[in-house]
Amino acid sequence: MTQSPLLRRTAPRIVEEDGSFRTKMLGIAAGMDNVIALGRGDPDFHTPGHIVDAAKRALDDNQHHYTGPTGLLQLRQAICDNLRGEYGLEYDADEIIVTAGVQESIMLCMLGLVHEGDEVLITSPRFTTYDTAVQLCGGVPIPVPTYQKDDFALDIDEINKRITPKTRMFVLVSPNNPTGAVTPPEVIRKIADLAIKHDILIIADEIYAKLIYPPHEHLSLATLPGMKERTITLNGFSKTYAMTGWRVGYMAAPADFVEKLTEPRHTLSINTCTVSQFAALAALTGPQQEIEATFRDYAERRAYLMEALTGAGLSFGAPGGAFYIYTNISATGMQAKSFCENLLRKTGVMVFPGDMFGEPNSDFIRISYLQPLPLIQEAMERIKGFIDSHKGAKA
Ligand SMILES: Cc1ncc(COP(=O)(O)O)c(C=O)c1O
């Protein structure tokens, strides 16, 4: 087939991100009944009712016009109160930009900071949006590997040995996606020292920071001396408040940089959906019991899965946070992509291969525990049956 003139003239900055495996899996699942989806990072809980009501009220009150590009002042103030109360972070309303999810903040950060050829270090395995955003802006993503033997916790030496004269930024995602690894406070302090020593900027993606399982502890990098001025803190509503479709997140950074980014932010989408901003305001200022109950459910699902996976002969990095278990399936003799595709076709359980998190030919799968416990138990039965039948076929 001949290429359209549009395709022929695609700008070289548009890098090929291979989304074909995800599309293939979703296509297979669409043709099946009884699928248990443990693939995407989208909570199974509904957004709490008082948040939905706030959005309805906003519509009834004719709050369906543009807001300023950085977002509603009362929302930015509530974000600052929340950052202070939860994480000890000191930001003012003029240091916040509300965006369409953390996703838009990521792009905005890279647009604002990446120069041609800059190297950006990223905790890995990783949320590969970072790679795409860095590459779209002419930079080079450099993965910093983490390992199962350490429960995928970051090792400062792995960062150190990747620093070159071109290193400009380090992306710290803690807890991380897909591993759930929480970077311990002592490592965070070492990262701060490195950043100051080598004049490196930090993006601290804290989207999962409310979802931490004891005894793990979260430390926000921008609370450390000398760090606020070189850090952008990212956070949002999708994961904590089961608000993925509302598209609200934010970046927090020094006011002069926020001012500089205000026009580019305006160019991207003018402002974050106004109704969603009112919903986000209700999320922060309203009752928290319902989301706290979801955290307890996640903890129960995590504990069950860790035991059940071990019982099925699979190992993993014990996740300190988020709602994922990055599971090693090398004992089955299959590679992750073929494991995931065959598991889906034969049993209707959908999980994602490590290949989707920047690790080609991976031996790992990411299981998201975002279904009610009885469905997760059913999924585990199907996974065990699948592994046994594979062993039987090989024998
Ligand atoms: C580490 C990380 N950052 C950012 C995002 C984007 O989240 P959202 O745009 O829904 O706020 C995700 C989504 O999975 C994520 O895992």
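Helix α5 passes helix α6 in a right-handed crossing, a crossing being right-handed if the near helix is turned clockwise from the far one by less than a right angle, and left-handed if anticlockwise. The model is predicted: local features need pLDDT of at least 70 and side-chain atom pairs count only at pLDDT 80 or more, whereas totals for chains, interfaces and linings use all residues. Residues are numbered from 1 along each chain as its sequence is written. Helices (H or I, at least four residues) and strands (E, at least two) are DSSP runs, numbered from the N terminus.

**Helix α5 and its partners**

- The axes of α5 and α6 come within 9 Å and cross at roughly 35°; axes are lines fitted to C-alpha atoms, for helices over the stretch in contact, and angles run from 0 to 180 degrees between N-to-C directions.
- On the α5 side, Q103, I106, M107 and M110 meet T129, Y130, A133 and V134 of α6, where contact requires that the C-beta atoms of two residues, placed from the backbone, lie within 7 Å.
- This contact of α5 with α6 comprises six nonpolar, two polar and no charged residues. Ala, Val, Leu, Ile, Met, Phe, Trp, Tyr, Cys and Pro count as nonpolar, Asp, Glu, Lys and Arg as charged, and the others, Gly among them, as polar.
- The axes of α5 and helix α9 (residues 255-269) come within 10 Å and cross at roughly 130°. That angle makes α5 oblique to α9; angles under 35 degrees count as roughly parallel, over 145 as roughly antiparallel, 65 to 115 as roughly perpendicular and the rest as oblique.
- The crossing of α5 and α9 is right-handed. E104, L108, L111 and G112 of α5 make the contact with K260, L261, P264, R265 and L268 of α9.
- Five nonpolar, one polar and three charged residues form the contact of α5 with α9.

**Ligand surroundings**

- Among the 13 residues around the ligand, G101, V102, Q103, N177 and S238 come nearest; a residue is near a molecule if its C-beta atom, placed from the backbone, lies within 6 Å of it.
- Helix α5 (residues 101-113) supplies the largest share of this shell, with three residues.
- By class, the shell around the ligand has four nonpolar, eight polar and one charged residue.

**Domains and their contact**

- The domain assignment of the chain gives domain 1 (5-47 + 289-389) and domain 2 (64-285), with bounds that come from an automatic or database domain assignment.
- The centres of domain 1 and domain 2, taken over C-alpha atoms, are separated by 24 Å.
- The contact takes 31 residues from domain 1 and 31 residues from domain 2.
- On the side of domain 1 that touches domain 2, α11 (289-311) and β10 (324-328) are the elements that give two or more residues.
- The most comes from α11, which gives six residues to that side of domain 1.
- That side of domain 1 divides into 15 nonpolar, ten polar and six charged residues.

**Helix pair α2 and α12**

- The axes of helix α2 (residues 20-30) and helix α12 (residues 336-347) come within 10 Å and cross at roughly 15°. That angle makes α2 roughly parallel to α12.
- The crossing of α2 and α12 is right-handed.
- F21, M25, I28 and A29 of α2 make the contact with K337, C340, L344 and R345 of α12.
- The contact of α2 with α12 has six nonpolar, no polar and two charged residues.

**Backbone features**

- The peptide bond from S124 to P125 is cis, with omega near 5°; P125 lies in the loop between β3 (119-124) and α6 (129-136).
- A cis peptide bond also runs from N177 to P178, with omega near 20°. P178 is placed in the loop between β5 (167-173) and α8 (185-198).
- A242 is not a glycine, yet A242 has a positive phi of about 50°. The loop that holds A242 lies between β7 (231-236) and β8 (249-252).
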